[in-house]
Amino acid sequence: MKTEHSDDSIASAQEWLHQNFHRTFPLEAPAHRVGMSPRNFVRRFKQATGDSPLIYLQKLRVAAAKRLLESDHRTVQEVSGAVGYQDAAFFRQLFERHTGVCPSAYRQRFGA
């Protein structure tokens, strides 16, 4: 995920996303935090990072889930909740879309 760019407002939003990815919030929240309209925020975010805010958030959550699956013995349902997804089935689909494997297969391959 691209974090080095010259847009200070987007960098501030990225920092907020990194600190709050595990929480549930509307996608307009980071835009409002940096004083932008949602439409302008999405445009500038994608220009600065290469990803839409939604994809960026998904990548943050999947990365956190990977770390938990590698080092923790929580269930997939618990990992799902810990990274901000209440629907474990949706989390499994999203995880597989981003990594190419389901969470349990990832744990078998990379877990402690």
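Select Asp-51. Leaving aside neighbours within four places in sequence, Asp-51 is in contact with Phe-45, Lys-46, Tyr-56 and Lys-59. Keep in mind that this is a predicted model.

Asp-51 is buried, because its relative accessible area is 12% and the cut-off for buried is under 20%. Now show the side chain of Lys-59 as well. A polar contact of 2.9 Å joins the side chains of Asp-51 and Lys-59.

Next, select Arg-61 and Tyr-85. The charged end of Arg-61 sits over the ring of Tyr-85, 4.7 Å from the ring centre.

Stay with the rings. How many aromatic pairs does a search of the whole structure find? Eight. One of them is Tyr-85 with Phe-91, a tilted pair with 6.1 Å centre to centre and 35 degrees between the planes. Tyr-85 counts as buried at 9% relative accessibility. Phe-91 is buried too, with a relative accessible area of 1%.

Move on to Phe-95 and Tyr-106. Their ring centres are 5.6 Å apart and their planes stand at 80 degrees, so this pair is edge-to-face. The pair links distant parts of the chain: Phe-95 belongs to helix 6 (residues 88–99) and Tyr-106 to helix 7 (residues 103–110), eleven residues apart. Are these two residues buried or exposed? Both Phe-95 and Tyr-106 are buried.

Finally, select Tyr-85, Phe-90, Phe-91, Phe-95, Tyr-106 and Phe-110 together. These residues form one aromatic cluster.

Key:
Residues are numbered from 1 along each chain as its sequence is written. This is a predicted model: local features need pLDDT of at least 70, side-chain atom pairs count only at pLDDT 80 or more; totals for chains, interfaces and linings use all residues. Side-chain values use heavy atoms; hydrogens and water are left out. Rings of Phe, Tyr and Trp (its six-membered ring) pair if their centres lie within 6.5 Å; planes under 30 degrees apart count as stacked, over 60 as edge-to-face and the rest as tilted. Buried means under 20% relative accessible area, exposed over 50%, partly exposed in between (1.4 Å probe, protein chains only). Helices (H or I, at least four residues) and strands (E, at least two) are DSSP runs, numbered from the N terminus. A charge sits over a ring if NZ of Lys or CZ of Arg is within 6 Å of the ring centre and within 35 degrees of the ring normal. A polar contact is a pair of N or O atoms within 3.5 Å; within protein, one must be able to donate a hydrogen and the other to accept it, and residues adjacent in sequence count only if both atoms are side-chain atoms. Contact means heavy atoms within 4.5 Å.
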